[in-house]
Amino acid sequence: MSVFTPVTPDEARAFLAHYTLGELESLEGIAQGIENTNYFLDATTGRYVLTLFEKIPREDLPFYVGLLHHLDERGLKVPAPHALDAGGYLGELNGKPACIVNRLPGAPRLHPAASDCERAGEMLAAIHEEALDYDAGLANWRGREWRESFAVRLAPVVSPDERRLIESENAYQALHDDTVLPRGVIHGDYFRDNVLWDEAGEPGVIDFYFACDDALLYDVAIAVNDWCLDGLATPDPERTDAFLAGYDRLRPLTDLERELWPVMLRRAALRTWLGRLGYTHFPQASEVTIPKDHEGSRRLLEHHIAHAARLEAAP
């Protein structure tokens, strides 16, 4: 989340008039994140988040807001979207598609304990399970085609060593067919800063705008690559085991998923590294933003290449 499209209080007030959410009390830009424009919006009826979609194709937006509504209806703590008085969840503000969702209470735990990782794994499994009957689908725009084409775009601006590693890993990933794995809706960006813990210690999940249809194991790998690292950006076995135990409690991994675990860890690290290289070399103009480190993602990929091992079942 960032601020790419400025919104004044008067503009927010006019947009809010299309909802039954009361009067505007305050508006504050959110610096975290790198894809959409986001503001904390306080109204007389409660606390909300106003999102302006900067790059997502308009035809894909109903998938995302519909997914939030679906998961909220199933009792999961996600930012429930609010319908406009005229119907639907999507309006337009300053030339961009926009929506208002509930603001979840709490804050991320950026240095999670093993017990936090276990609860986070359980929550991710709950999302996967509850989304199985969601009646909309969306292909992963950051799948193999994107990884390979974006590598070509990055080639002139990265170092020779980086280019060789990217080309080598893309070739390795092309050898593995993930369509044999269980598939469904994935969060796609289940990082520590996208899980907010309330005062009771319960997690709520935000920022579903990388969600898509893909291998569920891929989502687990994306998460473990962020939640379960030590200070040197290498995996911490205790937190990894805890995250997987929490996940396995609701959706046990299959034997084939355990076999392909090292492939998915590498794929997840490559995707994150490519994305962060893109944000570094091709930045989008923003009034407020916090950049993401990409060197850690490279080191993590190199670690997974050097230490690949099948995921063994718990005794």
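Is tryptophan 141 buried, partly exposed or exposed, and at what relative accessibility? In this predicted model, tryptophan 141 counts as partly exposed because its relative accessibility is 42%.

1. Tryptophan 141 forms a stacked aromatic pair with phenylalanine 210, with 6.2 Å from centre to centre and 20° between the planes. Tryptophan 141 lies in the loop between α3 (114-130) and α4 (144-154), and phenylalanine 210 in the loop between β8 (203-205) and β9 (212-215), so the pair ties together parts that are 69 residues apart in sequence. Phenylalanine 210 counts as buried, at 11% relative accessibility.

2. The count of aromatic pairs comes to 13. Ring pairs also link Phe53, Phe63, Tyr64, Tyr134 and Tyr209 into a cluster.

3. Two arginines are placed over aromatic rings. Arginine 153 lies over the face of phenylalanine 282, at 3.9 Å from the ring centre. The charged end of arginine 266 sits over the ring of tyrosine 172, 3.5 Å from its centre.

4. Arg266 is also one of the residues touched by glutamate 169, together with Leu270, Leu301 and Ile305, leaving aside residues up to four places away in sequence. Glutamate 169 belongs to helix α5 (residues 160-174) and counts as buried, at 1% relative accessibility.

5. The structure holds 0 disulfides. For cysteine 99, the nearest cysteine sulfur is that of cysteine 212, 18 Å away; cysteine 99 is buried, with a relative accessible area of 0%. Cysteine 117 is in no disulfide either, and the nearest cysteine sulfur, that of cysteine 228, is 4.3 Å away. Cysteine 117 counts as buried at 0% relative accessibility.

Key. Residues numbered from 1 in each chain as written. Predicted model: local features only at pLDDT ≥ 70, side-chain atom pairs only at ≥ 80, totals over all residues. Heavy atoms only, no water. Helix = DSSP H or I, 4+ residues; strand = E, 2+ residues; numbered from the N terminus. Buried < 20%, exposed > 50% of the residue type's maximum accessible area, 1.4 Å probe, protein only. Contact = heavy atoms within 4.5 Å. Disulfide = S-S within 2.5 Å. Phe/Tyr/Trp six-rings, centres within 6.5 Å; stacked < 30°, edge-to-face > 60°. Lys NZ or Arg CZ within 6 Å of the ring centre and 35° of its normal.
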